Amino acid sequence: MSTVIITTAVITLVGVIVGIALVYTGKKFHVDVDPRESAVRECLPGNNCGACGYAGCDAMAAAIAAGEAPASGCPVGGQPIADKIAAVMGVDAALQEKKVAFVRCKGSCDVTHNQANYIGVRDCRSAVLSGINVTDCEYGCLGFGSCATVCPQDAIRIRNGVAIVERNKCVGCGLCAKACPRGLIDLVFVGNTVSVQCSNKDKGPMVKKVCSAGCIGCMLCTRQCEFDAIHVENFLASIDYSKCTQCGKCAEKCPVKVITPPAVKPVREEVDDGE
Amino acid sequence: MKSLILIIVSGALINNVVLNQFLGICSFLGVSKQMKASASLGMAVIFVITIASAVASLLYDFVLKPFGIDFMKTIVFILVIAALVQIVEMFLKKTSPAIYKSLGIFLPLITTNCAVLGVALTNVQNGYNFIECVLSGFGTAVGFTIAIVLLASVRVRIREEDLPAPLRGAPIVLISAALMSIAFMGFGGLSF
């Protein structure tokens with residue numbers, strides 16, 4: 001019985017001494033941190049993905065509090081987080097809608113082909129470095145999945161030879177855009193589902209030769225648009241998102257159906273079809 | 001004197017904490033992706049284990065033994081080591097922000113490294129005195145640093161290789177660690 005009492009007493013004593021020591025050092029060695037820093041840190045998602053360019057959410061919070069990073073700097077959190085941080089910092093967050101990756105190529109194996117049989121490392125950058133134009137279309141998706149490899153959210157799949165982004169998984173970090181050697185991946189606002197799914201800047205007949213789904217620069221979409229939002233430059237249609245209302249008339253009229261239709265999430269749907 | 005050197009060498013190489021005693025595996029595998037990060041972790045571990053074994057030794061000799069409650073050593077060591085790391089962290093933050101920044105996130109992570117507790121308990125089991133405890137702790141931590149930096153350099157090279165798909169990621173790391181462990185068994189034949 002006495003062992004139990006002694007044990008309890010000694011351990012309690014050690015605990016109390018340790019507690020007092022902690023409180024004392026906490027007071028004695030207190031470092032003043034910017035109170036806004038911890039408040040900003042509270043707002044951030046805390047998964048330390050590093051997509052903002054800082055070492056983690058702590059480093060990002062320090063940078064925001066020091067005024068080195070914008071309040072809307074967290075690509076994962078999007079507008080709600082940016083608003084919260086802006087409230088903490090006392091500034092207006094620049095309007096920032098969530099962005100998602102969009103692959104500007106529709107060249108699946110059904111519509112275009114490879115002209116070379118590349119047997120090196122299964123990586124798009126290696127394929128480009130090999131100096132051989134692997135795909136028929138020299139602008140199109142190589143399909144070796146460098147973008148899928150770097151994606152931290154596992155949101156990109158290579159399906160039938162072309163990269164497909166699952167919009168509901170994508171957090172808009174932009175790592176895939178940097179990884180793509182052909183620069184096919186853009187970040188678009190999640191609300192903009194009408195997009196041109198081609199990057200080929202050759203003239204129509206040349207495009208026709210290599211891919212049956214490519215933009216031939218016929219200008220039908222330009223004439224169709226009531227808002228002057230879609231233009232053809234270098235034989236490739238591109239949409240001015242500041243004017244586009246997502247009406248989808250261009251998509252209806254497009255003879256090669258290279259413009260994704262509005263509202264129905266085009267990318268996600270293709271994935272479902274494949275399965 | 002000879003026995004003191006032997007304690008350090010034994011802790012660092014012969015009874016390497018990771019590769020021979022299989023303690024502290026989680027940080028060994030977790031933080032060995034980059035050379036730089038693993039070296040910083042190693043420094044933090046040396047720092048913490050040396051201090052922790054000193055404090056644990058004092059506590060055992062002057063508190064637990066006199067009261068005859070040395071069976072409570074595990075619990076008391078956990079309590080004291082956790083608090084100690086906290087105190088060291090606060091102390092460093094105030095007095096030398098440069099060290100604090102370079103150790104960064106690793107300092108609090110070490111609290112949960114079982115190698116720290118393992119060393120303190122092994123020291124007590126071996127009946128070391130205070131100086132022997134400190135040296136043994138230091139040697140063990142150096143051994144941990146050697147192991148993790150070696151594994152990190154192996155992993156940096158593995159990453160560039162075109163491995164068979166089933167071996168990519170964790171499996172090849174475990175295989176590398178196992179081969180390193182076998183290699184370190186060679187130090188068992190070291191004699192003075």
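Two residues are in contact if their C-beta atoms, placed from the backbone, lie within 7 Å. The structure is a predicted model, in which local features need pLDDT of at least 70 and side-chain atom pairs count only at pLDDT 80 or more, while totals for chains, interfaces and linings use all residues. Residues are numbered from 1 along each chain as its sequence is written, and chains are lettered from A in the order in which they are written.

Start with chain A. Among its contacts between residues at least 6 apart in sequence, 56% join residues at least 24 apart. Chain A contains eleven helices and six strands; helices (H or I, at least four residues) and strands (E, at least two) are DSSP runs, numbered from the N terminus. Of its 275 residues, 36% are buried. A residue is buried if 20 or more other C-beta atoms lie within 10 Å of its own, exposed if 12 or fewer, and partly exposed in between.

Asp110(A) illustrates the exposed class. This residue is in the loop between strand 1 (99-103) and helix 5 (124-129) of chain A. Why does Asp110(A) count as exposed? Because there are 11 C-beta neighbours inside 10 Å of Asp110(A), it falls in that class.

Next come the nonpolar cores. A nonpolar core is a set of buried Ala, Val, Leu, Ile, Met, Phe, Trp, Tyr and Cys residues joined through C-beta atoms within 7 Å. The largest has 51 residues, and Val103(A), Val165(A) and Cys215(A) touch the most other members. Elements of chain A that each supply at least two residues of this core include strand 1, helix 5 and strand 3 (162-165). A second, separate core of 49 residues includes Val17(B), Ala56(B), Leu117(B) and Ala120(B). In soluble globular proteins, nonpolar side chains tend to be buried together.

Chain B has nine helices and zero strands. Buried residues account for 36% of its 192 residues. Among contacts in chain B between residues at least 6 apart in sequence, 79% join residues at least 24 apart. In helix 1 (residues 2-14) of chain B, the buried residues are Ile7(B), Gly11(B), Ala12(B) and Leu13(B). These buried residues pack against helix 8 (130-159) of chain B.

The two chains also touch each other. On the side of chain B, 16 residues are in contact with 14 residues of chain A. Helix 4 (residues 73-95) of chain B gives the most to that side, with eleven residues. The side of chain B that touches chain A divides into twelve nonpolar, one polar and three charged residues. Here Ala, Val, Leu, Ile, Met, Phe, Trp, Tyr, Cys and Pro count as nonpolar, Asp, Glu, Lys and Arg as charged, and the others, Gly among them, as polar.

Helix 4 of chain B packs with helix 1 (residues 2-28) of chain A at an angle of about 10°, with their axes 10 Å apart. Axes are lines fitted to C-alpha atoms, for helices over the stretch in contact, and angles run from 0 to 180 degrees between N-to-C directions. The two helices are therefore roughly parallel to each other, a term for angles under 35 degrees. Among the residues that meet are Val14(A) and Leu22(A) in helix 1 of chain A, and Leu79(B) and Ile87(B) in helix 4 of chain B. The residues of this helix contact comprise 13 nonpolar, four polar and no charged.

Definitions and conventions. Angles under 35 degrees count as roughly parallel, over 145 as roughly antiparallel, 65 to 115 as roughly perpendicular and the rest as oblique.
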